[in-house]
Amino acid sequence: MTATLMIHCGGEEVARRDLDRVQTPPATATWQPIPHAALLGEVEGALGRNGLRIAGERHALARDGDRYFGLLHVANGRERKDYGWVLGVRNSHDQTFPAGFVIGSRVFVCDNLAFSGEVVIARRHTRWIMRDLPRLVLDGVGQLTERWHSQEERYERYRDTELVDAAAHDLVVRALDAQAITTHQVRDVLMEWRSPRHAAFRGRTAWSLFNGFTAVLGGSPVWTVARRTQLLHAVFDAHCGLAGAAPTGPEEPVALAEAA
């Protein structure tokens, strides 16, 4: 797996074994931190129990190990030639964000990443979280296959939706309005549309333009890419007539539990 794993300032990419060396801070009366390695181990086990295999992985730590970001390339036995499934995993020891994961895809020709639905394991890590963690992760991973299949159907629709320049320009404006890109990225997206760097995206379709966006977003930290590509999906889904599409925001995260 060669996809670039961008992380926040002050962070670094690490080996899988380095997660075991991160010290987990002590619990408080209202908060129980989850060891990064324990969360990843549960995710790995749950993927295996659902018939999924990890074909590649990247890991990163930031803020002296307080924040963890992982990217897993998930093989499902029938992978497409042009893109594969990925799973983003995150966790924090400084209460910045809850443990969770987000499903996505990686386009092989360019390593572009895009994400859709997010699963939050528990918004509050209270005293029973470690007891409940195996069930919560298994429940979350159990939802992923259906979501990945929905993402495949979405991309087929993008491929089948032809675009003229006027429609492409309108989608760029809509993406800017939805905060999927910044004003500084507009020109770069338009350049990717007008002169794609990869022959696979020379077709004048929504799929080509979508990959122009993800190419530009690829220089951002992985969770920024996750947030913005969820917004981007909403914009493209609405244009391509996908049922239930809402152009103003991403799919709401699924919160599996509020641990007691």
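So, how many of the twelve residues of α6 are buried?

What we have here is a predicted model. The protein has seven helices and seven strands, and along the sequence the pattern goes β-α-β-β-β-β-β-α-α-α-α-α-α-β. Of its 260 residues, 52% count as buried. If you take contacts between residues at least 6 apart in sequence, 67% of them join residues at least 24 apart. The accessible surface comes to about 11,800 Å², with 48% of that belonging to carbon and sulfur atoms.

Okay, back to α6, residues 206–217. Eleven of the twelve residues are buried, so α6 is largely enclosed by the rest of the structure. Among the buried ones you'll find W207, F210, F213 and L217. End to end, first C-alpha to last, α6 reaches 16 Å, close to the 16 Å expected at 1.5 Å a residue.

Now have a look at β3, residues 67–75. Here nine of the nine residues are buried, so this strand is also largely enclosed by the rest of the structure. Both faces are covered: R67, F69, L71, H73 and A75 sit on one side, with Y68, G70, L72 and V74 on the other.

And who are the partners of β3? On one hand there's β2, residues 53–62, running antiparallel to β3 and joined by nine bridges. R58 stands opposite L71 there. The two strands form a hairpin with four residues between them, and R63 in the turn has a positive phi of about 55 degrees. Then there's β4, residues 83–92, also antiparallel to β3, with eight bridges; W85 in β4 is the bridge partner of V74.

Definitions and conventions:
Residues are numbered from 1 along each chain as its sequence is written. This is a predicted model: local features need pLDDT of at least 70, side-chain atom pairs count only at pLDDT 80 or more; totals for chains, interfaces and linings use all residues. Side-chain values use heavy atoms; hydrogens and water are left out. The expected span of a helix is 1.5 Å times one less than its number of residues. Buried means under 20% relative accessible area, exposed over 50%, partly exposed in between (1.4 Å probe, protein chains only). Contact means heavy atoms within 4.5 Å. Accessible areas come from the Shrake-Rupley method with a 1.4 Å probe; for residues, only the protein chains shown count as cover. Two strands pair if DSSP finds at least two bridges between them.
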